Amino acid sequence: MSLKLNQCSAMQGWVWLIQALQLFKSKPGEVFFLGNTYLFVMLIPTLFIPYVGSLFIGILSPALTAGVMLATHNSLRGQKTKPQSLFIPLLGNNIACKKNLLKLGMIYALSFLMIRLLNLVILGQSPPIPEDFNISEIQTHPELQQHILFSFLLVTVCTIPTMLAFWFAPALVLWHNMSAAKAMFASCVAMWRNRYAFIVYSLGWFVLVLTAVVTSVLIVSVLGIPATFVSAIHLLLGILIMAISLQTFYPTYISIFITDNSN
């Protein structure tokens, strides 16, 4: 059995979004609950254990991504989308797989640590924020505004290579027993060869998120929903979008990596 790398058309990026929406439509409750579980696992250590929690989550992220793909894989085969699927890659019997997922996690966490350090070295400390600061008044603080903008651009540019290396790496470790280094290299090659599809994918997400936000704002305005509930609605919308976005990982993988059983 060999693994072939497919080069998708640019419009395949839009197809991945449609497939994710169809997965959500078929099992909305299960997909939403999976997204909530993923978010809960990602946030709790960060909130309760500053710095160390973020490092811990960075190490776990590739394994959790593999769990998301496994849950979607099982769902497409008629099985229930279970939140516990998130932990199967680390709790299974494949010791080599667990080791490589943790290696991926350590490289992933180290990558973002280096990005933060680079940001600090190049841009320095953020200007002090007044105690009574309101985000609507940011234009009155040009230094802070400039620092936030440059920091965002720098982090975004530095994050792109990391995302290229880690998009498919967890799946390649999970299903093809690749080493961490080989999986990262294969992921980079696959992402680069299908860059136009991922550009359309990114633009598609931008359009969908913008549409969802504008629609929610219009609904809130027309119905006159009290401000007390507006934050809750936006939080619910954010969780929903994230839950659907998780369902795109597996469709991208099966579109690009094709298993040849003839060998």
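Select tyrosine 250 first: at 4% relative accessibility it counts as buried. The model is a predicted one. Tryptophan 175 and tyrosine 250 form an edge-to-face aromatic pair, with 5.7 Å from centre to centre and 65° between the planes. The pair joins distant parts of the chain, since tryptophan 175 is in helix H7 and tyrosine 250 in helix H11, 75 residues apart.

Next, show the other aromatic rings. The count comes to 14 aromatic pairs. In one of them, tryptophan 167 and phenylalanine 249, the ring centres are 5.1 Å apart and the planes stand at 80°, so this pair is edge-to-face. Tryptophan 167 sits in the loop between helix H6 (142-166) and H7, while phenylalanine 249 is in helix H11 (residues 249-256), 82 residues apart. Both tryptophan 167 and phenylalanine 249 are buried.

Leaving aside neighbours within four places in sequence, phenylalanine 168 is in contact with Ser187, Ala190, Met191, Phe198, Thr252, Tyr253, Ile256 and Phe257. Phe168 is also among the residues that touch the most other members of the largest nonpolar core, together with Tyr38, Leu104, Leu172, Phe198 and Ile256. That core has 55 residues, and helix H3 (residues 52-76) supplies the largest share of it, nine residues. In soluble globular proteins, nonpolar side chains tend to be buried together.

Now go to helix H5 (residues 95-123) and pick glycine 105. Its relative accessible area is 0%, so glycine 105 is buried. Which residues does glycine 105 touch, not counting those up to four places away in sequence? They are Gly58, Ile59 and Pro62. Draw a distance from glycine 105 to serine 61 as well: C-alpha to C-alpha it is 6.2 Å, although the two are 44 residues apart in sequence.

Two asparagines in loops come next. Asparagine 194 is in the loop between helix H8 (180-193) and helix H9 (195-223). Is asparagine 194 buried or exposed? At 1% relative accessibility, asparagine 194 counts as buried. Not counting residues up to four places away in sequence, asparagine 194 touches Asn6, Gln7, Cys8 and Ile256. While here, select arginine 195 and tryptophan 192: the arginine lies over the face of the tryptophan, 4.1 Å from the ring centre.

Asparagine 177 is in the loop between helix H7 (169-176) and H8. With 52% relative accessibility, asparagine 177 counts as exposed. Check its backbone too: asparagine 177 has a positive phi of about 55° although it is not a glycine. Most residues other than glycine have a negative phi.

Finish on helix H1 (residues 12-26). H1 has 15 residues and reaches 21 Å from its first C-alpha to its last, close to the 21 Å expected at 1.5 Å a residue. Colour its buried residues, Gln12, Gly13, Trp16, Leu17, Ala20, Leu23 and Phe24. Looking down the axis of H1, these buried residues fall within an arc of 160°, so they line one face of the helix. An α-helix has 3.6 residues a turn, so residues three or four places apart point the same way. Then turn the view to the face of H1 away from its buried side, which carries the exposed residues Lys25 and Ser26.

Definitions and conventions: Residues are numbered from 1 along each chain as its sequence is written. This is a predicted model: local features need pLDDT of at least 70, side-chain atom pairs count only at pLDDT 80 or more; totals for chains, interfaces and linings use all residues. Side-chain values use heavy atoms; hydrogens and water are left out. A nonpolar core is a set of buried Ala, Val, Leu, Ile, Met, Phe, Trp, Tyr and Cys residues joined through side-chain atoms within 4.5 Å. Buried means under 20% relative accessible area, exposed over 50%, partly exposed in between (1.4 Å probe, protein chains only). Helices (H or I, at least four residues) and strands (E, at least two) are DSSP runs, numbered from the N terminus. Contact means heavy atoms within 4.5 Å. Rings of Phe, Tyr and Trp (its six-membered ring) pair if their centres lie within 6.5 Å; planes under 30 degrees apart count as stacked, over 60 as edge-to-face and the rest as tilted. A charge sits over a ring if NZ of Lys or CZ of Arg is within 6 Å of the ring centre and within 35 degrees of the ring normal. The expected span of a helix is 1.5 Å times one less than its number of residues. The arc is that of the directions from the helix axis to the C-beta atoms.
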